[in-house]
Amino acid sequence: MPPGDVPRGPRGASTALATGQAGALGWLRCRTGRRNEEGEITSVRSAAVDPVRVEVNGLTKTFGTVRAVDDLSFTVEPGQVTGFLGPNGAGKTTTLRMALGLITPDNGTTTFNGVRYAGLPEPMRQVGAVLETAFHPARSGRDHLRVYCRATGLPVRRADEVLEQVGLGTAGRRRAGGYSLGMRQRLGLATALLGDPAVLVLDEPANGLDPEGIQWLRGFLRHLAHTQGRTVLVSSHLLAEVEQTADRVVIVGAGKLVREGTLAELRSGNAGSVLVRSPHSTALADLLRTTGTTVAPTDAIPDGLTVTGLSTDEVGRRAFAGGIELHELRSHTSGLEEIYFQLTAGQEQYAAAHAEQGAA
Amino acid sequence: MGTVVARLVRAEWTKLFTTRVWIGLLLGACVLSGAFAALFTAFAGNQDSGLPPLDSPEYARLAFSIATNATVISVVLGIIGITQEYRHRTATPTFLATPQRGRVVIAKLLAYALVAVPYAVLVCAVTVAVVLVYGNARGNAPELTGENLEVLAFAGLALVVYTVIGVGLGALLKNQVGAIVAALVYLYVVEPLLRSIPATSGAYKWLPGGALEAMTATFQGPDLLEQWQGVLLLLGYGLAAALLGTLLAVRRDVV
């Protein structure tokens, strides 16, 4: 690799490590109540992380007769959480593994500020990845982390620091074989954080986390992206999981890009559906039925109407103006969920049918 | 690259010494060669056993080459060293940390070759201790000098080379159980058969077992290479396994 291709070093990682100001540890302190430090620490951190843009370009991979990933291109921007959405079997994991050089694509490239993963001088200091939560069962979490400290030339005390960061401090000395699924996810995350990387790639990180853990993870990822300016890519097959964390989403189905954009962009043009209940539902229906809206009786609710194309505000305004009494008014689906279903409908069957063809 | 490989070698040692597999293998190797040494010393000169008498040079060579029985454990050590990455799926973080997979395999080969040195020394020491103490108790222990010392050194070298072969074999087969079973079947069934069948015994001298026997041979066996040729051939097998294993590990997808 010509020297010109090297991105601007592993950023401030080494300096941050040298001064003991490790990664989001500062944030952890904020969490424990010392809020006055937040501004100071985050300004230090955001200055330390150079933005890294991830560009996926024309990735293609065929396994046997199944085209797992088909000419997939998208970008992941720094300072944002990007959700990588798609039903099971849509090729998310294969895409991430190709991006990280573990699977050789048939075609296409993935670059981190213009450099492929294998060309990064110290990959763990620039890209942290949680792809699976498998560890040697007889090795302690702390020793597992120390292995990768040694391999990457990081001081071994980083192992203890990241254990604290993900909330595994006391469990670090126990054998990883005895960890719960949630603890494994945290240890995987700790491994990714070892090198204090500018890019984080997480494959289904919420699997096995309890509600509190999921809440914690969301806050953690948002902090890493928004406050520290890191690039965060999170895959999931559940929209609801990504909806509350991600700024942008990349939706794939059957290995192809279906939609890419911010959540607001996706929502526009589809406000979802509204459920409204009134003793005068027929009169209300007439009032709401204008161009661009549909009004239908709601199943199982005698006096209910399902309205699409209008926001709850608008429905309430019209009912008030028309002097119609309302007993209930709420949004029924977020709209995004409908879009997601529409976009990815049938994609799974598509992949399954292919597999059967291969078997026959 | 040198410092990178040195880092990776240390990482491999951390992997090896943070589980207890190595203790079991080391004890197993010591017990195995110690027990063989005791058995051979006990029956030396016994007419029915066919072993040469205690004071004969043949017995001395035999006794000091007993450590080669532990080569099977060397192979298993090497196999586990690489296949545990696939078995426990730690190959993913390992290759994420070092996308230049060739370096990982080279580091494993170096790490295990170096670890095999003290291991070989210890196994040889146990063998010698048993032979000397028990032999003296029976009235006549062989002397640890000249040609006997050479045999012992070659036995130790064989333990190291078989460890390297194990790493290469593990990289080739990836499956831990499969690789260990294959190694055991080869060492205890295939090679002895090829050795004993007249039609194939000519080819035996070119196999790892034949090379090992040429290095430390004692009995009048089948046709064998010269001692130095045996050393080179065995080293060649170690390098070939390492090279093939490296090439395959680099090309395979980690899924």
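User: Which residues in H10(B) meet which residues in H11(B)?

Analyst: In this predicted model, contact is judged by C-beta atoms that lie within 7 Å of each other. On the side of H10(B), the residues that take part are Pro208(B), Ala211(B), Leu212(B), Ala214(B) and Met215(B). Their partners in H11(B) are Gln227(B), Gln229(B), Gly230(B), Val231(B), Leu233(B), Leu234(B) and Tyr237(B).

User: By class, how many nonpolar, polar and charged residues has the contact of H10(B) with H11(B)?

Analyst: Gly is counted among the polar residues here, and Gly230(B) is one of the residues of H11(B) in this contact. Divided by class, the contact of H10(B) with H11(B) has no charged residues, 3 polar and 9 nonpolar.

User: At what angle do helix H10 and helix H11 of chain B pack, and how far apart are their axes?

Analyst: Helix H10 of chain B covers residues 208-216, and helix H11 of chain B covers residues 227-251. The crossing of the two, H10(B) and H11(B), is left-handed. They pack at an angle of about 145°, and their axes are 7 Å apart.

User: Which helix gives the largest share of the side of chain A that touches chain B?

Analyst: The contact between the chains takes 24 residues from chain B and 28 residues from chain A. In chain A, helix H5 (123-126) and helix H6 (141-152) each supply at least two residues of the side that touches chain B. The largest share, 7 residues, comes from H6(A).

User: What distance separates the centres of domain 1 and domain 2 of chain A?

Analyst: Chain A is divided into domain 1, residues 54-262, and domain 2, residues 273-334. Taken over C-alpha atoms, the centres of these domains of chain A are separated by 43 Å.

Notes
Residues numbered from 1 in each chain as written. Chains lettered and ligands numbered in written order. Predicted model: local features only at pLDDT ≥ 70, side-chain atom pairs only at ≥ 80, totals over all residues. Axes fitted to C-alpha atoms, helices over the stretch in contact; angles between N-to-C directions. Helix = DSSP H or I, 4+ residues; strand = E, 2+ residues; numbered from the N terminus. Left-handed = near helix turned anticlockwise from the far one by under 90°. Contact = placed C-beta atoms within 7 Å. Domains from an automatic or database assignment.
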